[in-house]
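Trainee: Hi, could you walk me through this one? I'd like to go residue by residue and hop around a bit.
Mentor: Happy to, just ask away.

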Amino acid sequence: MKRYKYLFLLLIIGLIEGCSDLEENPVGLLAPEGLFTSLDDVQLTVNGAIGVMASETHWGRKASLPIMLRGDLVSIGDQGTPQRRKDVDLFQMTDDNGMITVFWGTTYQMIAACNEGIAGAETLTSIPEERVNSVKAQAHFVKAWSYYLLVRLFGEVPYLDSPVVSGDDSGSLPKSSVDEIYENIIADLEYAKTWLPDRQPTRALPSKATAAAYLASVHLTLATLNGNNDQDEFQSAYEEAKFVIDNEGTFDLTLEDDFQVLFDADETGNIREPLWNLDFNSFTNGNNGNDYHAALTGIRANEKGGIGGGWSVAVPTVEVYNTWDGRDYRKEVSLDTTGIFNGIVEPFTRFPDFDARNIQSAYIAKYTRFPGQTASGNGRASARNYAMMRYAEVLLIAAEALNEISPGSAEAVGYVNRVRARARMGNGSAFPADVAAGLSLNDFRDLVLEERKWELAFEFKRWFDIKRRRLGTEVFGPGGLENQPNFNPDRDYLFPLPGDELVRNPNLAPNNDGY
């Protein structure tokens, strides 16, 4: 385990600059016991935790790329890319894979900062409780999100419920059970739902709706954990999602009319669909703040967009293009089927002619088509907002959960049809058609999972759907979008715990099965 003592000071020094909509006025180097003298100090610590997230060592690349590669929509394009990336995609990871050893540490930095913020807030006894708790709730939310990421990827991990002030202690922390971690995630999110405001001045900060939406997601995950079919968890998932839906006006939420606007960097700061944005601000300091998604998913030598092309690393399989119905407007928005080379528009079948590292497939367009005016360096200097949770996902969570407890529900059908209605816009198509009432439980379940696949394609959701529904054998088999014969259901639903962490902390042993 890394030594987390006073890591919140490091966050304040430099990492906060990753989020442009958050207050960035460091209070200076103070002794930890004297750091929290106002709510601004607590807010600064929360902002610092989110700032870590908006860095190359976390969502900028290290945490997000393996999640995308692990799903069945994306594979490796350029075979000259580092082996560690190919190993993630091919289910050949070992515990020294550099794609996991880095973001483990930055995630615990975020957790450490949140624990410091919570502890610091509790010392501010002269400030009204409601004001303190509304800021403290942000720390509870970010902590819950961090553990939700870790527990789904790694299973049992150390749970820190308070600041670690001894380096010796941090090297001997035991793993907590998955059940205990989820209990704490839910407790943090329920606290956040109670105390967060209905709206925030920026969607880079979580609101009451954000906490409820993630509670819905957590309960949906728990409903099928370890092959369960827990009706109480499905009920809780539905109720939390319904709370958001019933109060969409209060929370200023809607589905944007045009699916494309969600992925236009010049527009995403103004849209009302995200419940929580991760905001990159086009300013980088080393790797801090760098957003690599356009670079990693872009077409080599492509002149479109003027960002210098991409690296052809995370590329949809051609089966994705062939399977996705062309009448679905989301396909047009999500995929680039042409590039510009020597000033001429060329189809994807010719992409390798202009750079051998490209493959003959449509590429992800969500992060490269409208990168924003500040984009440069293959898109790394990005001013893009990433919607970590969109309102469309809340509707689909409600539909999936309600179907499990009340099959054939017209209400569940209505939620899917609301998402599909937008997918028909922009091209005059009648596809995808409204879902008819009366589908069986299993047929509607499959339909919602397919709807999630296309609606949320390349938004780092697909792997978690595959994992929670135990779809790996099916989707990575010969009939799937990405045939991966190395997939082992007894091993590959979890990542390996980082080997260097096991050396530092023997209490983390044994590693996950198969590693």
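Trainee: Where does arginine 84 sit?
Mentor: Arginine 84 is in helix α5, residues 83–89. Helices here are DSSP runs of H or I with at least four residues, strands are runs of E with at least two, and both are numbered from the N terminus. This is a predicted model, where local features need pLDDT of at least 70 and side-chain atom pairs count only at pLDDT 80 or more, while totals for chains, interfaces and linings use all residues. Residues are numbered from 1 along each chain as its sequence is written, and side-chain values use heavy atoms, with hydrogens and water left out.

Trainee: What is arginine 84 in contact with?
Mentor: Leaving aside neighbours within four places in sequence, arginine 84 is in contact with Asn97, Gly98 and Met99. Contact means heavy atoms within 4.5 Å.

Trainee: And what does asparagine 97 do for α6?
Mentor: Asparagine 97 caps the N-terminal end of α6, with a side-chain oxygen 2.8 Å from the backbone nitrogen of methionine 99.

Trainee: How many residues does α6 have, and how far does it reach?
Mentor: Helix α6 covers residues 98–121, which is 24 residues, and spans 35 Å from first C-alpha to last, close to the expected 34 Å. That expected span is 1.5 Å times one less than the number of residues. Because 21 of its 24 residues are buried, α6 is largely enclosed by the rest of the structure.

Trainee: Switching to rings: how many aromatic pairs are there in the whole structure?
Mentor: A search finds 31 aromatic pairs. Rings of Phe, Tyr and Trp (its six-membered ring) pair if their centres lie within 6.5 Å; planes under 30 degrees apart are stacked, over 60 edge-to-face, and the rest tilted. Phenylalanine 341 and phenylalanine 354 are stacked, because their ring centres are 4.4 Å apart and their planes at 5°. Phenylalanine 341 belongs to strand β5 (residues 338–341) and phenylalanine 354 to helix α15 (residues 351–354), 13 residues apart.

Trainee: What lies over the face of tryptophan 463?
Mentor: Arginine 70 does, at 5.6 Å from the ring centre. A charge sits over a ring if NZ of Lys or CZ of Arg is within 6 Å of the ring centre and within 35 degrees of the ring normal. Likewise, arginine 152 lies over the face of phenylalanine 464, at 3.8 Å from the ring centre.

Trainee: Last topic: which residues touch the most other members of the largest nonpolar core?
Mentor: Of its 141 residues, Trp59, Tyr147, Phe154, Ile185, Phe458 and Trp463 touch the most other members. Such a core is a set of buried Ala, Val, Leu, Ile, Met, Phe, Trp, Tyr and Cys residues joined through side-chain atoms within 4.5 Å. Helix α7 (residues 129–154) gives the most to this core, with 13 residues. A second, separate core has nine residues, including Leu35 and Val42.

Methods
Buried means under 20% relative accessible area, exposed over 50%, partly exposed in between (1.4 Å probe, protein chains only). A polar contact is a pair of N or O atoms within 3.5 Å; within protein, one must be able to donate a hydrogen and the other to accept it, and residues adjacent in sequence count only if both atoms are side-chain atoms.
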